[in-house]
Amino acid sequence: MENLLPEAYKTAMQREILLFAALRDAAGTDSLVIDVGSDATAADVICEVAQRVPSMQTLLASCRVALDSRYVANTQPLGTATEIAIIPPVSGG
Amino acid sequence: MSECYVELTENPIDAGALLTKVGDPDVGAHAWFYGVTRRTTGDRVTSLLSYEAHPSMAVAELKRLAAEAIERFGLNSIVVVHRVGEVPVGEASVVLGCSSAHRKSSFAALPWLMDQIKTDVPIWKRETYADGTTQWVHPTESVVDEREAEDDA
């Protein structure tokens, strides 16, 4: 049975995702723990959070992911990053 | 030797205290920008703005941008202070200052830096309107265009 599972499920791991602003309010929490494969990318984080917080799907399409406080491309693997944050469009100033 | 000062603060920004941070006998120009919370956006009336940041990343991004501004415009010094938490209407939410040997460098640096802050620095504002409703501001590209057009008007 174990051999029938996709590779990603065999190596699934839990990662904590930091949320801010409207995303945090909609989720009702400032961080979510999600299950992703060990080869998951920034885009996978966005997809997983979109399933958990469906009301934010439109906003999530405009969000960027930061690993250890640096923006990364959607194709970037999460790797060994210790902090994963979803950054909604910013509005400082 | 160029100087760079970056700060996030929950307190009102004391712009006078920042003057010394761009002081240098070899500069001929200081330029400053005060971003101040505005009461009206279109026909909506704001009673309060509240800013939230990813603090460590915001400081890291501000330092990166300040260093790039020094390099790009040949500045002698630069100061960036952004307020977080509640900011009453009419108070400064952001203060930028820079100095350079000649005025053109400092004049050019401020709009460039402000545009970068509004694009990349993880700070968000939440409007509380006079009718009590609240709204996070998360500008998409089309909304940015509208806001810029309004700001330019």
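In this predicted model, the side chain of His138(B) reaches the backbone nitrogen of Ala22(A) at 3.2 Å. Between them, chain A and chain B bury about 1,800 Å², and 2 salt bridges are counted between the two chains.

- His138(B) is located in the loop that runs between strand E9 (134-137) and helix H4 (141-152) of chain B.
- The relative accessible area of His138(B) is 14%, so this residue is classed as buried, the limit being under 20%.
- Leaving aside residues up to four places away in sequence, His138(B) touches Ala21(A), Ala22(A), Leu59(A), Pro88(A), Pro89(A) and, in chain B, Trp124(B).

**Architecture of chain A**

- Chain A contains 4 helices and 5 strands, arranged along the sequence as α-β-α-β-α-α-β-β-β.
- Of the 93 residues in chain A, 44% are buried.
- Where contacting residues of chain A are at least 6 apart in sequence, 50% of the contacts join residues at least 24 apart.
- The accessible surface of chain A amounts to about 5,000 Å², with 50% belonging to carbon and sulfur atoms.

**Interface between chain A and chain B**

- Interface size is often expressed as the accessible area that is lost when the parts come together.
- Here, carbon and sulfur atoms account for 56% of the about 1,800 Å² buried between chain A and chain B.
- Val90(A), Ser91(A) and Gly93(A) supply 33% of the area that chain A buries against chain B, more than any other three residues.
- The contact involves 22 residues from chain A and 25 residues from chain B.
- Between the two chains, 19 residue pairs are in polar contact, with both residues at pLDDT 80 or more.
- On the side of chain A that touches chain B, two or more residues are given by each of helix H2 (21-27), strand E3 (64-67), strand E4 (70-72) and strand E5 (84-87) of chain A.
- H2(A) contributes 4 residues to this side of chain A, the largest share.
- By residue class, the side of chain A that touches chain B comprises 12 nonpolar, 5 polar and 5 charged residues.

**Salt bridges**

- Over all chains, the whole structure has 9 salt bridges.
- Arg64(A) lies in strand E3 of chain A and Asp120(B) in helix H3 (residues 103-120) of chain B, so this pair joins two chains.
- The closest N and O atoms in the salt bridge of Arg64(A) with Asp120(B) are 3.0 Å apart.
- Arg64(A) is partly exposed at a relative accessible area of 31%, whereas Asp120(B) is buried at 13%.
- Within chain B, the side chains of Glu68(B) and Arg64(B) form a salt bridge with an N to O distance of 3.9 Å.
- Glu68(B) and Arg64(B) are 4 residues apart in helix H2 (residues 55-73) of chain B, and therefore about one helical turn separates them.
- Relative accessibility is 29% for Glu68(B) and 32% for Arg64(B), and each residue counts as partly exposed.
- A network of salt bridges links Arg64(A), Glu61(B), Arg64(B), Glu68(B), Arg72(B) and Asp120(B).
- Glu91(B) and Arg83(B) form a salt bridge whose closest N and O atoms are 2.6 Å apart.
- In that pair, Glu91(B) is partly exposed at 30% relative accessibility, while Arg83(B) is buried, with a relative accessible area of 5%.

Notes. Residues are numbered from 1 along each chain as its sequence is written. Chains are lettered from A and ligands numbered from 1 in the order in which they are written. This is a predicted model: local features need pLDDT of at least 70, side-chain atom pairs count only at pLDDT 80 or more; totals for chains, interfaces and linings use all residues. Side-chain values use heavy atoms; hydrogens and water are left out. Buried means under 20% relative accessible area, exposed over 50%, partly exposed in between (1.4 Å probe, protein chains only). Contact means heavy atoms within 4.5 Å. Accessible areas come from the Shrake-Rupley method with a 1.4 Å probe; for residues, only the protein chains shown count as cover. Buried area is the accessible area (1.4 Å probe) that two parts lose on being put together, summed over both. A salt bridge is a side-chain nitrogen of Lys or Arg within 4 Å of a carboxyl oxygen of Asp or Glu. A polar contact is a pair of N or O atoms within 3.5 Å; within protein, one must be able to donate a hydrogen and the other to accept it, and residues adjacent in sequence count only if both atoms are side-chain atoms. Ala, Val, Leu, Ile, Met, Phe, Trp, Tyr, Cys and Pro count as nonpolar, Asp, Glu, Lys and Arg as charged, and the others, Gly among them, as polar.
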